[in-house]
Amino acid sequence: MKVYARVSIGSDPKTERRTPADKHGETDPAWNFTMKYTISESMVQHYGVSLVIKLYCKRKLGDRYVGEVHMPMKELFDGAYSCGGSAMVSYPVQRGSVNSQGVLKFSYRFGERVTADKLLLVESIGDWFRYAD
């Protein structure tokens, strides 16, 4: 088995990122792969947005779906906040309504908070150049 993961926020295809396929782990794949996302503060304040990790087995005749994990961003943030900003978690992999297709373990961390004031400054400078022509 050559398993890889597709990771997205809230199943939004624009946020989807993919790990390389693990060629050595067979039925116990492992990746040492970092993904970075920029999220809004509202995503970690409510349970409506989840981090979605879908696992696939790479095959020549089309990749096969293995299962997936959904973790609320609020739950991840609250868990990391109590541990200094990072944590390691384990979630059962699900396939449809069936649980326990294995366990997905991963570590994560939340970085520094960036305010939108800097973006507003750049936007106002852009407007100034547009009107100065």
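1. Let's start with the core. The largest nonpolar core has 22 residues, and L51, I53, M71, L76 and F106 make the most contacts inside it. Core here means buried Ala, Val, Leu, Ile, Met, Phe, Trp, Tyr and Cys residues joined through side-chain atoms within 4.5 Å; buried is under 20% relative accessible area, exposed over 50%, partly exposed in between (1.4 Å probe, protein chains only). At least two residues each come from β1, β3, β4, α1, β5 (86–92) and β6 (103–109).

2. A caveat: this is a predicted model, with local features needing pLDDT of at least 70 and side-chain atom pairs counting only at pLDDT 80 or more, while totals for chains, interfaces and linings use all residues. Residues are numbered from 1 along each chain as its sequence is written, and side-chain values use heavy atoms, leaving out hydrogens and water.

3. Leaving aside residues up to four places away in sequence, M71 touches V49, S50, L51, I53, L76, Y91 and F106 (contact: heavy atoms within 4.5 Å).

4. On to the sheet: it is open and antiparallel, with 4 strands ordered β2-β1-β3-β4. β2 (17–18) and β4 (64–72) sit at the edges with a single partner strand each, so one side of each lacks a neighbour in the sheet. Helices (H or I, at least four residues) and strands (E, at least two) are DSSP runs, numbered from the N terminus; strands pair if DSSP finds at least two bridges between them.

5. β1 (residues 3–9) pairs with β2 over 2 bridges, in the antiparallel sense. In this pairing, R6 stands opposite R18 of β2.

6. Finally, E112 lies in the loop between β6 and α2 (117–132). E112 is exposed, at 71% relative accessible area.
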